[in-house]
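Here's a quick briefing to read with the model open beside you. It takes a pocket to begin with, then a helix, then a pair of rings.

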Amino acid sequence: IRTVIIEDDPYARDTMALLLRRDWRTQVTGEIGQIAGLEELIHNEKPDLIVLDTEHPQDPHWIEKVTRAVLLAKTSPRILCTGTFSDVNVLTQLDQPIFCGYILKGEIAYALAWAVVQAAQGNWVMTPSTRQTAEKIPFHPLHTLTLDGQRQVPGLTRREAEMARLAILFNMRRAN
């Protein structure tokens, strides 16, 4: 799944890229932190999916600008939105065919590739908090799937779960 990451925070962008590059089903074809150059990137890389952070502190029209740039590029990537908190104002902007989900970073945790794969397969992906917000307005896209990346792996102790996290993120040996 050819994926472009649009995230203004370089640390978050790096973590997203790391998680997506570790999954054999996803290929990161671009990472940017601003709108400049987005149309060209989409035209050249022809992504299947864009992971878009919805929270840009200096630009309240960030989602609209990205949507416009994607539509002007005349390709058909869909957009999976991310955020740190569930925002009803964001969700109301996502009622368009170009969008395929709205997930919270803290709730999807290290399962970002899982969300990308599910979105690319045609599901509208949410996390528990965005699902609760959607039910309030109401917002009910077809083929909705709620993912929770916070669940612990059954049978692992807290220490074993931490070792697994370190191994996934930093490729650390078990002895470390």
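Helix 1 gives the most to the lining of the second largest pocket, with 4 residues. Keep in mind that this is a predicted model. The pocket in question holds about 170 Å³ of space.

**The second largest pocket**
- Helix 1 and helix 5 (105-108) are the elements that give two or more residues to the lining.
- Residues to click on in the lining include Ala12, Thr15, Met16 and Leu19, along with Thr82, Ile103, Lys105 and Tyr110.
- By type, the lining splits into 8 nonpolar, 2 polar and 1 charged.

**Helix 8**
- Helix 1 (10-21) turns up again here: the buried residues of helix 8 pack against it.
- Those buried residues of helix 8 are Ala161, Met163, Leu166 and Leu169.

**The aromatic pair**
- The structure holds 1 aromatic pair.
- Trp124 and Phe139 have ring centres 5.1 Å apart and planes at 70 degrees; over 60 counts as edge-to-face, so that's what this pair is.
- The pair links distant parts of the chain, 15 residues apart: Trp124 sits in strand 6 (residues 124-126), and Phe139 in the loop between helix 7 (128-136) and strand 7 (144-146).
- Trp124 is buried, at 5% relative accessible area, and Phe139 is buried too, at 7%.

Note on methods. Residues are numbered from 1 along each chain as its sequence is written. This is a predicted model: local features need pLDDT of at least 70, side-chain atom pairs count only at pLDDT 80 or more; totals for chains, interfaces and linings use all residues. Side-chain values use heavy atoms; hydrogens and water are left out. Rings of Phe, Tyr and Trp (its six-membered ring) pair if their centres lie within 6.5 Å; planes under 30 degrees apart count as stacked, over 60 as edge-to-face and the rest as tilted. Buried means under 20% relative accessible area, exposed over 50%, partly exposed in between (1.4 Å probe, protein chains only). Contact means heavy atoms within 4.5 Å. On a 1 Å grid over the protein atoms alone, a cavity is a set of points where a 1.4 Å probe fits but cannot get out, and a pocket is an open set with protein on both sides within 12 Å along at least five of seven lines; lining residues have an atom within 4 Å of a point. Grid points are joined across faces, edges and corners, and a volume is the space filled by probe spheres set on the points. Ala, Val, Leu, Ile, Met, Phe, Trp, Tyr, Cys and Pro count as nonpolar, Asp, Glu, Lys and Arg as charged, and the others, Gly among them, as polar.
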